[in-house]
Amino acid sequence: MRLIATTLKKRGLACGMFLAGCALSALAWSQKGHDVTAYIAEQHLTPAAAAAVDSLFDGHSLVYWSNWLDNASHTPEYAYSKTWHYNNVDANETFETRKNAPDGDAITALRYTIGILADPAKAKDEKTLALKMLTHIMGDIHQPLHMGHATDYGGNTIKVKYFGRDTNLHSVWDNSLPESSHKWSYTEWQQQIDRANPTEQKLLISGNIDDWAKQSVAIAADIYDFFPNGKNISYNDVAHWAPVIENQFLKGGLRLAHVLNTIFDAGYSGGGTVTRPEQF
């Protein structure tokens with residue numbers, strides 16, 4: 001739908017192409033990773049938020065649409081969203097000093113879609129599109145290399161070996177590491193990692209989009225230090241990073257639920273520091 005892109009352009013958030021090569025890193029997590037994030041979110045929706053999602057998606061779930069944007073961004077109708085999957089922060093930058101993507105990025109896209117969903121004047125089809133995008137992009141910002149360096153396209157040009165197989169660092173984090181960590185279905189992932197108590201959940205959902213993105217930037221810095229160009233990744237590396245992947249999946253799911261509950265349930269008080277959609 002062109003309406004969101006047109007409005008973004010009017011607001012000065014989209015005006016040209018930003019690092020076209022970054023399209024190489026348009027996919028975040030694997031299909032499994034986005035499914036896990038969405039399924040965790042589903043388990044934490046309040047009844048009011050769950051009803052709103054059900055209405056917008058005509059009975060389909062967050063999981064059903066969680067990977068849609070990865071394909072849609074490569075179609076003419078939604079090509080404007082190619083840069084909405086990431087927000088690059090180079091080694092010599094901080095989150096605050098990073099260069100803004102002229103066509104919009106994951107951070108601006110999340111805030112824009114939240115604004116659409118929170119606006120009672122917006123039509124159902126606008127909100128449905130916004131919800132599809134929000135569901136996916138919330139997962140994207142929790143894949144640390146989607147907050148990685150523009151200079152290496154989020155790790156795409158860093159060549160490594162995965163158990164002797166030639167690949168690149170971004171691909172390892174999108175798919176190989178999560179799949180090697182646990183051969184679970186997305187429901188099994190949720191059952192095994194979605195065990196935070198209420199106090200822990202409150203800590204995980206605290207903050208806003210900027211705070212969550214900064215956490216991914218910090219993890220990305222650790223990843224770059226740990227995986228030099230040419231590294232042969234093996235069993236010890238999988239074991240080292242599996243807990244981080246588990247935590248990123250969990251945080252993405254809990255935070256997605258927190259955002260949707262805040263938007264759709266006036267009586268929601270989930271304990272996070274944000275209590276209104278515009279504060280995200």
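This is a predicted model: local features need pLDDT of at least 70, side-chain atom pairs count only at pLDDT 80 or more; totals for chains, interfaces and linings use all residues.
1. Helix 3 (residues 47-56) packs against helix 7 (residues 124-140), with axes that come within 9 Å and cross at roughly 110°. The two helices are therefore roughly perpendicular to each other. On the helix 3 side, the contact is made by Val53, Ser55 and Leu56, and on the helix 7 side by Lys124, Lys127, Thr128 and Leu131. By class, the residues of this contact are three nonpolar, two polar and two charged.

2. Ser216 belongs to helix 11 (residues 209-226). Its relative accessible area is 1%, under the 20% limit, and Ser216 is therefore buried. Leaving aside residues up to four places away in sequence, Ser216 touches Ile141, His142, Pro144, Met147 and Gln248.

3. The structure contains 16 aromatic pairs. In one of them, the ring centres of Tyr64 and Trp65 lie 5.1 Å apart with their planes at 75°, so this pair is edge-to-face. Trp65 counts as buried, at 18% relative accessibility.

4. Trp184 and Trp189 also form an edge-to-face pair, with 5.1 Å from centre to centre and 80° between the planes. Trp184 counts as partly exposed at 23% relative accessibility, whereas Trp189 counts as buried at 1%.

5. Lys132 lies over the face of Trp65, at 3.8 Å from the ring centre. Lys132 also lies over the face of Trp68, in this case at 4.9 Å from the ring centre.

Definitions and conventions. Residues are numbered from 1 along each chain as its sequence is written. Side-chain values use heavy atoms; hydrogens and water are left out. Axes are lines fitted to C-alpha atoms, for helices over the stretch in contact, and angles run from 0 to 180 degrees between N-to-C directions. Helices (H or I, at least four residues) and strands (E, at least two) are DSSP runs, numbered from the N terminus. Angles under 35 degrees count as roughly parallel, over 145 as roughly antiparallel, 65 to 115 as roughly perpendicular and the rest as oblique. Contact means heavy atoms within 4.5 Å. Ala, Val, Leu, Ile, Met, Phe, Trp, Tyr, Cys and Pro count as nonpolar, Asp, Glu, Lys and Arg as charged, and the others, Gly among them, as polar. Buried means under 20% relative accessible area, exposed over 50%, partly exposed in between (1.4 Å probe, protein chains only). Rings of Phe, Tyr and Trp (its six-membered ring) pair if their centres lie within 6.5 Å; planes under 30 degrees apart count as stacked, over 60 as edge-to-face and the rest as tilted. A charge sits over a ring if NZ of Lys or CZ of Arg is within 6 Å of the ring centre and within 35 degrees of the ring normal.
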